[in-house]
Amino acid sequence: MVGKRILNYQIISLLGEGGMGSVYKAYDLQLERYVAIKIIKPKLLKDPIFVERFRIEAKNQAKLNHPNIVTVYGFIETREATGFVMEYVDGSTISQLITTYGRLDLIYSLRVLQQVLLAIDYAHSMGFVHRDLKPSNIIIDRNGIAKIMDFGISKSLNENQRITRVGFNIGTIHYMSPEQIKGLEPSPQTDIYSLGITLYEMLSGSPPFTSKSDYEIYEAHLKMIPGKLSETFPEIPNEVDDLILSALNKSNKKNFLNAYEFRSSIEQLIFNLPLLVSRPSVNQSQTTSISQKKTRSANFIVAFIVLLTVLIIGLSYVLVEKFIIKEKISSSSENESEVNYLSNENYFSAQWQVVTTNIPANLNTIALIGSNIIVGGSNGVVLLSKNNGQSFSRINFNEKVDIHSSTNISGKVLLTTSDGRIFLLDEKGKIIQSIKLIDENLLSTDIKDKIYICGSDGIILKSEKSKLNFEKINSPDKNTLFDIIELDNSSFITCGWNGSVYKTTNDGLNFRESKLSQSYLKKLFFINQFLGFVGGADGNLFKTTDTGESWTKVKINTIATINDIIFVNQKTGYIVTSDGELFISENSGEDWLKVSLNIKSSLNKVLVLNNGLIFLIGNNGLILKNKI
Ligand code: ATP
Ligand code: MG
């Protein structure tokens, strides 16, 4: 087949083979773009029922239009071949990634699943159930976008089911839901089940039920609870086991009714993850120092592998970067909703450098203090660099809490922690003072005229700068407040869990609420008194031009959580996301262009120094450095 021409398609190479046929990369000579063509096995063509099913497959898939679903372009039927033509995805399927890396990173896996669930939720709302979700039917492109393939054997729930019912079991047995095994009608639960199994495989390297005989696998799907991943892998918290059980409909606590519930639970889990991972479990605290050492060295090995993976991926992408950017520009007609790219080479003076930390902590906050740089993270990690960020060393902080924010205050840095304390550190990272303020997770600080701190349970604390004498301020919300910005004397703005921004001009006597989104809002930034931004989960970004009285949505091409927004002047701003994306604006936040980083870890904070050095910090001890 390779080298042949079918209609206007020049067959270039074989991409893979599956149950129904072979998939080829081809070039569409008419539209001048690459496509993938799935060609049905000749032996199956003899079966008219199968051909009919194949036609339905193409028709079904063509009805779905979503960035996380592979687009179907058309159906071909010639004397040589029958098949369908679809979007060519330059990337790797999850099963290929598992084959290469053995296991996938926890946050990475959860983020991929979130994208998949976004598409599945959409498909379910259109009346489609996929029915064959599995690692080989999910492909991740070079920009980290997950796309579902083979909505083939899915069927419209509203459609006459005559053809899809005929004859044989559909789906691959390792991922098959109990209702499929029993021959019952598939429902949205069917896809949720298969994704639960898929998540298990991403995290452990193999699906939960792997007996030799099909019968035993069927029995396991029907009756067995999979083994706990948290017992095998120290970095996986119990909550991940609960999540999988809920997806498999085998949880005593909560089973997911729909894809939306599954996705929300993942979002919540990702948010809580730094706390969950650092929380010592009963078992751990009872183990001997030898096994603690083992766990620790296992953590280091995991961190090392993750870093190595990031490095290898980074390096290999660097090699193809030029090509990818060129192809993006020349094939702009291919996909109108493509991400707009900013060339790394034109914007930054060098390639991104990964600063090795060898610390498996999530790095949450970074600040310049005198001429040193301080980084704070989960599990009491504080890192200090005295050489412009060329290297970081861990300083003796001796506290097992998570550090969430770091803010400069008269030549020192103020850190807030997950157990309600604040720490004042000097330039060398030495603790000068620590104060227990409250039993809440203190998430963000703003220091202008006064000091404002916000956190869990809707907590807001305020103090004079000189005294560190905090009082609790009336709060607009009982849910977590993620960020707070002082506007002037007794005006401030805060945002949080329920997707609202609250503004007060009388220190919390009353608030004006702007409900902007269904998901949480995490980060506020004001360029000047009037112009500000707020960003959060699901790529939500909003802008105000009237000091937070009203907000409008700003377009940015991401569905990940916006973790940080900063502007270094009136025009130039940076945003980083939980999918490892960096966006840059050069026009005061009107347009945001993505920079190709190919990082799979969440990026949490940006720091730009006066000399143009830029640092991005993220999960798994990730520090990236470049110069503007
Ligand atoms: P099944 O027949 O059960 O779906 P499968 O998913 O392993 O099994 P195929 O769907 O035939 O097999 O796909 C085979 C391989 O072809 C995939 O694993 C993937 O690597 C590649 N592939 C399929 N569709 C595309 C596409 N649109 N773009 C790029 N590669 C693709
Ligand atoms: Mg497939």
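Is Asp564 buried or exposed, and what is its relative accessible area? Asp564 is buried, with a relative accessible area of 1%, where buried means under 20% relative accessible area, exposed over 50%, and partly exposed in between (1.4 Å probe, protein chains only).

The structure is a predicted model, in which local features need pLDDT of at least 70 and side-chain atom pairs count only at pLDDT 80 or more, while totals for chains, interfaces and linings use all residues. Residues are numbered from 1 along each chain as its sequence is written, chains are lettered from A and ligands numbered from 1 in the order in which they are written, and side-chain values use heavy atoms, with hydrogens and water left out.

## Salt bridges

Side chains of opposite charge can pair when their charged atoms come close. The structure holds 21 salt bridges, a salt bridge being a side-chain nitrogen of Lys or Arg within 4 Å of a carboxyl oxygen of Asp or Glu. Three of these pairs are set out below.

| Pair | Closest N and O atoms |
|---|---|
| Arg103 and Glu235 | 2.6 Å |
| Arg512 and Glu549 | 3.6 Å |
| Lys523 and Asp564 | 3.6 Å |

In the salt bridge between Lys523 and Asp564, Lys523 belongs to strand β30 (residues 521-526) and Asp564 to strand β34 (residues 562-567), so the pair ties together parts that are 41 residues apart in sequence. Helices (H or I, at least four residues) and strands (E, at least two) are DSSP runs, numbered from the N terminus. Lys523 counts as buried at 15% relative accessibility, and a network of salt bridges links Asp483, Lys523 and Asp564.

Arg103 forms its salt bridge with Glu235; Arg103 sits in the loop between α3 (94-101) and α4 (106-125), and Glu235 in the loop between α9 (229-232) and α10 (238-247), so this pair ties together parts that are 132 residues apart in sequence. Arg103 is partly exposed, with a relative accessible area of 27%, whereas Glu235 counts as buried at 18% relative accessibility.

For the salt bridge of Arg512 with Glu549, Arg512 is placed in strand β29 (residues 512-515) and Glu549 in the loop between β32 (541-544) and β33 (552-553), so the pair ties together parts that are 37 residues apart in sequence. Arg512 is partly exposed, with a relative accessible area of 43%, and Glu549 also counts as partly exposed, at 31% relative accessibility.

## The magnesium ion

Asn137 (OD1) and Asp150 (OD) coordinate the magnesium ion (ligand 2), at 1.8 to 2.0 Å. Asn137 lies in the loop between β8 (128-129) and β9 (138-141), and Asp150 in the loop between β10 (146-148) and β11 (155-156), so the pair ties together parts that are 13 residues apart in sequence. Donors are N, O and S atoms within 2.8 Å of the metal (3.2 Å for Na, K and Ca), and water is not among the atoms, so sites may look incomplete. Asn137 is buried, with a relative accessible area of 3%, and Asp150 counts as buried at 17% relative accessibility.

## Surroundings of ligand 1

Ligand 1 is surrounded by 24 residues, of which the closest are Gly19, Glu87, Lys134, Ser136 and Asp150; a residue is near a molecule or strand if one of its heavy atoms lies within 4 Å of it. By class, this shell has ten nonpolar, eight polar and six charged residues.

A backbone N or O atom of Gly18 lies 3.3 Å from an oxygen atom of ligand 1, and an N or O atom in the side chain of Lys38 is 3.0 Å from an oxygen atom of the ligand. A polar backbone atom of Glu87 is 2.9 Å from a nitrogen atom of ligand 1. Taken alone, ligand 1 exposes 610 Å², and the protein buries 88% of that, with accessible areas from the Shrake-Rupley method with a 1.4 Å probe. Elements giving two or more residues to the shell are β2 (9-17), β3 (21-28), β4 (33-40) and β6 (82-87), and the largest share, three residues, comes from β2.

## Two further buried positions

Asn364, in strand β14 (residues 363-369), is buried, with a relative accessible area of 12%. Asn364 and Asn563 are 199 residues apart in sequence and 9.6 Å apart in space, C-alpha to C-alpha. Glu486, in strand β26 (residues 481-488), counts as buried at 2% relative accessibility. Glu486 and Ile447 are 39 residues apart in sequence and 7.5 Å apart in space, C-alpha to C-alpha.

Note on methods: A polar contact is a pair of N or O atoms within 3.5 Å; within protein, one must be able to donate a hydrogen and the other to accept it, and residues adjacent in sequence count only if both atoms are side-chain atoms. Ala, Val, Leu, Ile, Met, Phe, Trp, Tyr, Cys and Pro count as nonpolar, Asp, Glu, Lys and Arg as charged, and the others, Gly among them, as polar.
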